[in-house]
Amino acid sequence: MQKYRIIEEIITGGSDRRFYRVEKDNKTYILIEDKNIKDYVRILNHLSRAGIGVPELFETGVDKIIIEDLGTSSLYEIMKKHNTDWQKFYLMAIDELIKLQIDGRKDAPINLYYDDAHIRWEQEYFKKFFLGQFCQIPEKELKTIKDEMDYLYEELIRLMKPVNNYLMHRDYQSQNIFIKDNRIRIIDFQSARIGPLTYDLASLLRDAYVVIEKDSELFLIEYYLERLKERGINIAKDEFLKIYRFTALQRNMQALGAFANLSLNKKKFHFKKFIPHGIKLLKRGLTECKFNNLQKVIIKTIEQLNNCLIV
């Protein structure tokens, strides 16, 4: 790998992996350095064999690999530029997601599940870093939301059962989805698990990095359900929406916990700017799912953090 010339380090995402754009023979590639690179390669090869749009792998080393350069046309960049054709790319992303969830599930080299323990971990992560550290809500006040957090946990476990045996990307959002040669390409899949259909769809459509209006979100959910039906998976819209909304609320909590932890403890300060939209999505989810105590805590938080949320 010494033949590659480093052009730039790519500072993105919340992981501890390091990414570089490199050049060799007038062609650019991406160099990834990661002590657990074998996990990444194992899943990349599986997804590639399943026909899912992941980067091409060129070289592997002990703790680094060279993969295809997907460029800079992510869904995030497309939305930032207010591209009028943005929905077309989201339809493509949904098509690719369904392939990942269904085709990627078969023989997946993954023994991790989105289970009870992981749901609890996400909730504690949200409480510790967002509510506790970022919002500085006292422990006494956090106890007032315990019943609602327990209810969310129990409802998620119950609701997910009919849709719970599919491959999850686990971070299927705009910054991890690229368009190259008019095809969707996916990155950052190394934390994949087996879990519910709704989590990745919620990650895509209730994404704190971009704004998707409610009518567009519903249109895209209906498209997703139609495409599922074509694959032999028939779920009533009302039933699906309930599962989706509870999953979206859980996912949004996890994202806010991550933004708080990364900006406060990992010196990745740019994540702070996504917290205000994350809070808007959280308030919406709490209203939909009727979590009154949690909603009071969030409203109080916004009032207290006006200055902190100016970025």
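A disulfide is a pair of cysteine sulfur atoms within 2.5 Å. Keep that cut-off at hand for the first exercise.

This is a predicted model, in which local features need pLDDT of at least 70 and side-chain atom pairs count only at pLDDT 80 or more, while totals for chains, interfaces and linings use all residues. Residues are numbered from 1 along each chain as its sequence is written, and side-chain values use heavy atoms, with hydrogens and water left out.

**Exercise 1.** Work out how many disulfides the structure holds.

*Solution.* Start with Cys 289: its sulfur lies 19 Å from the closest cysteine sulfur, that of Cys 135, which is too far for a bond. The count for the structure is 0 disulfides. Now check burial, where buried means under 20% relative accessible area (exposed is over 50%, partly exposed in between; 1.4 Å probe, protein chains only). Cys 135 is buried because its relative accessibility is 4%, and Cys 289 is buried at 9%.

**Exercise 2.** Find how helices H3 and H8 are oriented to each other.

*Solution.* First locate them: H3 spans residues 86-102 and H8 residues 214-230. Helices here are DSSP runs (H or I, at least four residues), numbered from the N terminus. Next, their axes come within 10 Å and cross at roughly 40°. Axes are lines fitted to C-alpha atoms over the stretch in contact, with angles from 0 to 180 degrees between N-to-C directions. Angles under 35 degrees count as roughly parallel, over 145 as roughly antiparallel, 65 to 115 as roughly perpendicular and the rest as oblique, so H3 and H8 are oblique.

Note on methods
Helix = DSSP H or I, 4+ residues; strand = E, 2+ residues; numbered from the N terminus.
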